[in-house]
Amino acid sequence: MVYRLRVFAAVIFVAVLSGVFVTSSQPVAAAGTAVSLTTSPVSLDLTIKPGTSTTKTLQLMNNGSQPLQINIQLKVFSAHGTGGQAAVSSPAPGDPSPNWMHFSTSSFTAQPGVWAPVQMTLNVPKNASLGYYYAVVFQPQIPAATGPGKNTIKGSNAILILVDTQSANENRQVKVGAFTVSKHVYEYLPATFSVNVVNGGNIYLAPTGNIFISRNSNLTDTIATLNVNSGGANVLPDSSRTFKASWTDGFPSFQPKTVAGQPVTDKNGQPVEQLQWNFTKVNKFRFGKYYAQLTLIYNNGNRVIPLTAVVSFWVIPWKLMLVALVILVLLGFGFWSIGRSIIRRIRTIRRR
């Protein structure tokens, strides 16, 4: 009886356990020929006082195999959505700021595999104020495709130029629009946080900071620190931007799935995750309630301003808990059966 019970418990354990462990470059198609351009830098922040000028070098590389004619166009940009995308458009009629920008050439031939430098000079007049947002667009000349069933897709690369004149009229002010966690209850890490920053001023700013993870509500026991906007991305005036941060340091944890070193995505283009059991992190088993405190800072022109917010969430590995419960029940039943057998034998011996 005891032997059968042990075998049954082992089979159940294995069955349950097996269930638990279960650079800026843009390609452009042109009449069947792939065209790829790389521009540097991706963006450029300039602080320049009115009545002065500055010169910077922009670069473009033709990643294709044939020479390519490139035209330079000057446009402006604004924020598009909350993910940091830029909406490039033509300057408004009567806007004088495009006349302040000059280039060493307006058109050139980009040879394959060679960086092509272009000098950009910005002359800021004395009456300039606040910020200016330029988009230097490198437009390849792509001949139109001919013949039935052929299309030409035209594209371009743009370098974003942000200009701060440090005007006395600048109002530097941002706030935390929302600090959220993607779930209130996780089975395993990662826990993903979203920080929405609203720029209510009239000049671009780049707030940075950290998220501190703690086990207690008074946030005195920090067990993890996450960076927020460590790259110094800007938030444009009259717009908001959402920054993401993930806490992944746990056992076990979901990690991006890769095949031959390449990330695997689903039909919607989202990365596929798989549960990984890194037993070197077994001491980082996460369970219970956690608190996350956001601390952002920015300079309002006079001093550093801190911004804070707090969210809480749970990590409950319910599958592991179910396995543990099944094991405990089976062990308890086994000990009970063994104890009962021993008592019966003792009684039998006494009767003799």
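1. A residue counts as buried here when its relative accessible area is under 20%. The structure is a predicted model. With a relative accessible area of 0%, F193 is therefore buried, and F313, also at 0%, is buried too.

2. These two residues form an aromatic pair. Their ring centres lie 5.7 Å apart and their planes meet at 70°. Planes over 60 degrees apart count as edge-to-face, so the pair of F193 and F313 is edge-to-face.

3. The pair joins distant parts of the chain, as F193 and F313 are 120 residues apart. F193 belongs to strand 14 (residues 191-199), while F313 belongs to strand 23 (residues 304-315).

4. Across the whole structure, a search finds 13 aromatic pairs. Ring pairs connect F193 and F313 with F179, Y186, W247 and Y290 in one cluster. Y290 has a further contact to note: the charged end of R215 sits over the Y290 ring, 4.5 Å from the ring centre.

5. Helix 2 covers residues 318-351. This helix has 34 residues and reaches 49 Å from its first C-alpha to its last. That is close to the 50 Å expected at 1.5 Å a residue.

Notes
Residues are numbered from 1 along each chain as its sequence is written. This is a predicted model: local features need pLDDT of at least 70, side-chain atom pairs count only at pLDDT 80 or more; totals for chains, interfaces and linings use all residues. Side-chain values use heavy atoms; hydrogens and water are left out. Helices (H or I, at least four residues) and strands (E, at least two) are DSSP runs, numbered from the N terminus. Rings of Phe, Tyr and Trp (its six-membered ring) pair if their centres lie within 6.5 Å; planes under 30 degrees apart count as stacked, over 60 as edge-to-face and the rest as tilted. Buried means under 20% relative accessible area, exposed over 50%, partly exposed in between (1.4 Å probe, protein chains only). A charge sits over a ring if NZ of Lys or CZ of Arg is within 6 Å of the ring centre and within 35 degrees of the ring normal. The expected span of a helix is 1.5 Å times one less than its number of residues.
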